[in-house]
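I opened this notebook to record what I looked up in one model. The entries follow the order in which I consulted it.

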There are 2 protein chains.
Amino acid sequence: MVNIAILGYGIVGSGVAEVIQETAALIDARTGFKLSVKTILDIRQFPGDPFAKHFVSDFSVIERDPSIQIVAECIGGVGAAYEFTKRALHAGKHVVTSNKELVAEHGAELLTLARANRTHYLFEAAVGGGIPLIHPMAQCLSANSISDIAGILNGTCNYILTRMRDNSFTFDEALLEAQKLGYAESDPTDDIMGHDSARKICILASLIFGRHVFPGRVQTGGIQNITLEQLKEAAANGFTIKLLGRAQGVQSGEPPTVYVAPHLVPQGNPLYTVDDVYNGILLSGDIVGDVLFYGRGAGKRPTASAIVSDMLDCLRGGDPLGGLTWDDIPVNVTSPGSIKEGEHYVFADGTAMRILS
Amino acid sequence: MVNIAILGYGIVGSGVAEVIQETAALIDARTGFKLSVKTILDIRQFPGDPFAKHFVSDFSVIERDPSIQIVAECIGGVGAAYEFTKRALHAGKHVVTSNKELVAEHGAELLTLARANRTHYLFEAAVGGGIPLIHPMAQCLSANSISDIAGILNGTCNYILTRMRDNSFTFDEALLEAQKLGYAESDPTDDIMGHDSARKICILASLIFGRHVFPGRVQTGGIQNITLEQLKEAAANGFTIKLLGRAQGVQSGEPPTVYVAPHLVPQGNPLYTVDDVYNGILLSGDIVGDVLFYGRGAGKRPTASAIVSDMLDCLRGGDPLGGLTWDDIPVNVTSPGSIKEGEHYVFADGTAMRILS
């Protein structure tokens with residue numbers, strides 16, 4: 001029996017509990033590991049919930065329970081989540097999470113702490129939701145140096161841009177619809193201004209460059225100024241507009257380039273068909289060439305799928321990240337310079353936009 | 001030091017030797033494993049080759065060398081490759097390969113033999129070349145039941161179809177060019193008749209259904225009868241033609257459906273933009289939803305990249321396939337029935353073709 005604690009019983013946390021219960025027999029048959037939700041931390045009450053008798057409101061109950069091997073941190077943010085993650089790792093428990101903000105801000109420290117305590121800190125779900133991405137980067141591409149990443153990392157932005165292009169919605173109409181459907185938060189700033197994408201590209205950049213890339217140092221643009229006219233003009237010229245996180249390594253010794261900005265993606269590029277709430281991440285490895293990973297970048301069940309797979313990866317033994325980790329050394333990243341310097345397109349309204357090449 | 005033996009020094013085998021030499025320092029830094037090519041089996045002579053002094057012509061030299069931990073089987077086919085794989089596993093060595101024919105015909109037996117000898121038999125490179133696919137299916141999607149696979153699994157066919165569509169080449173012209181570029185064999189039967197795709201979809205189907213799906217039992221169509229007119233007519237209707245391997249699970253107790261046939265792929269489907277020699281594999285998991293993996297499905301270096309990553313996966317410990325293996329029990333597969341039964345399109349020339357939905 002592998003006892004699990006879940007911190008936070010919101011959308012992600014309740015999804016993890018649900019998926020563990022639903023798939024426990026399948027996972028046992030496949031791997032021999034019997035996952036079981038023992039304790040759930042939340043200060044709220046959930047009367048009538050199937051897990052009602054598992055709730056505690058004090059983290060130290062989990063911290064002091066030696067039978068709990070894995071903690072799923074589903075709180076989010078960098079407050080209690082940060083404190084409880086450190087305490088769980090100190091207590092010798094593995095921690096798995098979808099908390100991109102915490103990984104992007106404190107990943108290096110937490111990875112170091114995990115190593116020191118012979119535990120794992122894994123975050124497959126933090127980038128690309130349920131899409132297997134960090135694990136294949138670490139394991140399958142272990143012989144590759146990855147020099148270029150271009151990622152559609154935010155499903156909310158991608159949904160809005162798709163609805164504007166295909167249904168002639170204005171930005172405001174598309175945003176309102178996304179909010180109604182639960183794809184966008186009531187305060188959508190983090191998504192539409194590119195901050196969420198910045199956290200995610202920083203995690204990927206840190207993995208491939210081996211140094212901590214902080215979101216605050218990364219030039220970040222959003223989709224708030226994209227117009228229906230620009231989308232139509234792009235389509236007429238064989239492009240579609242996507243918000244991309246980019247990470248590009250350059251000559252050794254030179255700082256890498258990391259940024260978030262809307263791009264024109266040409267027809268024929270594999271990112272061109274990544275629409276709606278889907279995410280797509282294109283990696284370029286020196287041996288394998290271009291590889292694309294595509295799937296649902298968010299949502300209760302896809303996110304829970306990735307968190308549960310990380311649990312199994314903790315239990316397998318060996319190093320789940322295959323050495324593709326990063327040190328607690330901040331790295332300087334260059335901004336991509338003037339947009340006029342790269343290959344770009346100038347719209348009829350005078351706006352310049354980078355072309356993904 | 002992890003001593004490696006390579007069986008067969010053709011394109012794949014020499015690529016493996018080259019990639020190990022090139023990436024040994026990087027892999028050591030990332031994982032602590034020092035890979036080293038100790039012995040290469042080939043009956044040919046390679047005077048002047050950088051590995052010239054490592055050659056042997058007798059497999060028993062490798063079989064009896066206790067210092068060799070991993071054997072990369074790069075012979076291909078089901079003759080010597082089959083015999084040497086069994087002997088290597090019996091001798092307690094891990095075997096990694098890109099040999100899809102051997103895995104498709106004898107995978108269950110070899111996986112069982114590996115388990116019995118506490119070794120691993122891994123074949124990431126056998127499907128989708130360098131694309132991380134089998135490993136993420138096994139590890140990251142371990143909580144999912146995969147019920148549907150649609151894969152562009154043969155780069156030669158995809159290249160021919162792309163050139164016909166985009167450059168108005170006839171089938172024969174496109175094939176001739178593919179042969180000149182080294183994308184197609186001088187005898188291209190296996191590729192264009194769909195047999196290569198059948199082996200690959202059988203491997204994936206065996207993994208998801210847990211029973212051995214034999215290529216000989218799978219209805220297999222190729223691209224030899226696709227005309228330029230059909231490609232133009234498809235494009236005019238918002239489709240592109242792709243040769244797909246399909247595996248679909250149905251109600252429990254019912255046999256799964258596995259087949260290879262040309263399909264009309266609608267614009268907007270993520271497989272629509274998978275062109276040229278690229279492969280794309282779309283999986284549908286019950287929890288994660290749709291996931292696509294895309295990249296180079298063949299080639300010396302992408303294939304070697306996957307073979308080397310499998311070596312590291314053998315060394316990590318635990319079960320690399322996460323229990324996603326299959327038993328030595330042949331499964332009946334149903335043919336997809338009359339093409340008229342599914343969603344289909346009838347060309348002006350009277351040919352009916354299935355639409356990927």
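Which residues in helix 1 of chain A meet which residues in helix 11 of chain A? I noted that A:Ile11, A:Val12, A:Ser14, A:Gly15, A:Val16, A:Glu18, A:Val19, A:Ile20, A:Glu22, A:Ile27 and A:Thr31 meet A:Lys300, A:Arg301, A:Thr303, A:Ala304, A:Ile307, A:Val308, A:Met311 and A:Leu312. Contact here means heavy atoms within 4.5 Å. Helices (H or I, at least four residues) and strands (E, at least two) are DSSP runs, numbered from the N terminus.

**Basis of the entries.** This is a predicted model, in which local features need pLDDT of at least 70 and side-chain atom pairs count only at pLDDT 80 or more, while totals for chains, interfaces and linings use all residues. Residues are numbered from 1 along each chain as its sequence is written, chains are lettered from A and ligands numbered from 1 in the order in which they are written, and side-chain values use heavy atoms, with hydrogens and water left out.

**Helices 1 and 11, chain A.** I looked up the geometry of this pair next. Helix 1 of chain A spans residues 11-31, and its axis lies 8 Å from that of helix 11 of chain A, at an angle of about 50 degrees. Axes are lines fitted to C-alpha atoms, for helices over the stretch in contact, and angles run from 0 to 180 degrees between N-to-C directions. The two helices of chain A are therefore oblique to each other; angles under 35 degrees count as roughly parallel, over 145 as roughly antiparallel, 65 to 115 as roughly perpendicular and the rest as oblique. Their crossing is right-handed, that is, the near helix is turned clockwise from the far one by less than a right angle.

**A:Ala304.** I then took one residue of that packing. A:Ala304 lies in helix 11 of chain A, residues 300-316. Its relative accessibility is 0%, so A:Ala304 counts as buried (under 20% relative accessible area; exposed is over 50%, partly exposed in between, with a 1.4 Å probe and protein chains only). Leaving out residues up to four places away in sequence, A:Ala304 touches A:Gly15, A:Val16 and A:Val19. From A:Ala304 to A:Thr351 I recorded 47 residues in sequence and 40 Å in space, C-alpha to C-alpha.

**A:Asp65.** Is A:Asp65 buried or exposed? A:Asp65 is buried, at a relative accessible area of 14%. I located A:Asp65 in the loop of chain A between helix 2 (59-63) and strand 4 (68-73). Beyond its neighbours within four places in sequence, A:Asp65 is in contact with A:Lys38 and A:Lys93. The side chains of A:Asp65 and A:Lys38 are joined by a polar contact of 2.8 Å.

**Helices 4 and 9, chain B.** Helix 4 of chain B passes helix 9 of chain B in a left-handed crossing. On the helix 4 side, B:Lys100, B:Glu101, B:Val103 and B:Ala104 meet B:Asp196, B:Arg199, B:Lys200 and B:Ile203 of helix 9.

**The two copies.** Finally, I checked how the chains are related. Chain B is superposed on chain A by a rotation of 180 degrees with 0.0 Å of shift along its axis, at an RMSD of 0.0 Å. The two copies are thus related as by a two-fold rotation axis. The C-alpha of B:Phe293 is the nearest to that axis in chain B, at 2.5 Å.

How values were computed. Least-squares fit on C-alpha atoms with pLDDT ≥ 70 in both. Polar contact = N/O pair within 3.5 Å; in protein donor to acceptor, adjacent residues only side chain to side chain.
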